[in-house]
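Please look at the sequence and structure first.

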Amino acid sequence: MAKVLAVTNQKGGVGKTTTAVNLSASLAALGQRVLMIDLDPQGNATTGCGIMKREALPTVYQILIGRSTLEESRIRTDFDFDVLPANRELAGAEVELIELANREFRLRDALAAAGAEYDFVLMDCPPALNMLTVNGLVAAEAVMIPMQCEYYALEGLTDLVTTLRKVRANLNPALHIEGLLRTMYDPRSTLTQQVSGELESHFGDKVYKSIIPRNVRLAEAPSYGKPVIAFDRQSRGAQAYLQLAQEMLDRRDGRVETSQQGALA
Ligand code: ATP
Ligand code: MG
């Protein structure tokens, strides 16, 4: 069965899209069958793997409103993984979904068949707790939370954990935190080290050992429509996402002991 993860954090610009694209490409490079779903009307994850937004039709929008299926909408990238693309049109889904029955469950239902076809499904959520994100959280078995180790990060995390609890209570009882990922990490900053330490003491081994450094190649790659491993495989950013992908496989296959410490209780 596919591991279905929502890459989420309501805070903007923390590295959600960068993580969704580069982790998808890294898992694919390690031989995994991956589907990435772009749930953000900005469509950055879509263009970041070389798909033109205007050409990308049908998108995840048509899936949510029941006008298309996974089979009809997914696109194979040049990087050995599939994408359900998004574009501006997806912003309208928010309003249209209100009218529809089972509005929180539409993505989950559409993905029912994907479980057997993929090893990983990664969803890039928008920086908001809207109906698109809720659809992602309902379809997911767990969330991956990218975060920058800065002063307000922990505060934002408290809000996110509260939301996850609500979704768990009302819509998706099995939802849990898969892992917290430190992104844009600058080891020279004392504050970064402090926040990073606090994160580890609060969330234990829910915090991935792999850390994504601040690396300019990660920021440059999207303008070439490529994940960083296809752009500069030797860069520190590429190596960090490959390491994260390997860590996830090790966890999944039980090569790493994970306790329940820090679980979403
Ligand atoms: P949004 O909330 O708007 O969806 P996001 O959480 O998806 O944002 P990204 O778009 O992935 O965040 O990253 C924000 C910006 O930071 C982008 O310009 C991206 O290229 C850059 N960036 C992300 N991760 C890194 C990194 N590790 N090193 C350097 N730049 C990075
Ligand atoms: Mg994004």
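In which helix is the place of leucine 23? Leucine 23 belongs to helix α1; helices (DSSP runs of H or I, at least four residues) are numbered from the N terminus. Leucine 23 is buried, as its relative accessible area is 0%, where buried means under 20% (1.4 Å probe, protein chains only).

The model is predicted, so local features need pLDDT of at least 70 and side-chain atom pairs pLDDT 80 or more, while totals for chains, interfaces and linings use all residues. Residues are numbered from 1 along each chain, and side-chain values use heavy atoms, without hydrogens and water.

Ligand 1 is surrounded by 17 residues, each with a heavy atom within 4 Å of it. Among the closest are Lys16 and Asn215. By class, this shell holds 7 nonpolar, 7 polar and 3 charged residues; Gly counts as polar, and Asp, Glu, Lys and Arg count as charged. Helix α1 gives the largest share of the shell, 3 residues.

The table lists polar contacts, which are pairs of N or O atoms within 3.5 Å.

| Residue | Atom of the residue | Distance to an oxygen atom of ligand 1 |
|---|---|---|
| Glycine 13 | backbone N or O | 2.9 Å |
| Glycine 15 | backbone N or O | 3.0 Å |
| Lysine 16 | polar side-chain atom | 2.8 Å |

The protein covers 79% of the 630 Å² of accessible area that ligand 1 has on its own, by the Shrake-Rupley method with a 1.4 Å probe.

Conventions
Chains lettered and ligands numbered in written order. Polar contact = N/O pair within 3.5 Å; in protein donor to acceptor, adjacent residues only side chain to side chain. Helix = DSSP H or I, 4+ residues; strand = E, 2+ residues; numbered from the N terminus. Buried < 20%, exposed > 50% of the residue type's maximum accessible area, 1.4 Å probe, protein only.
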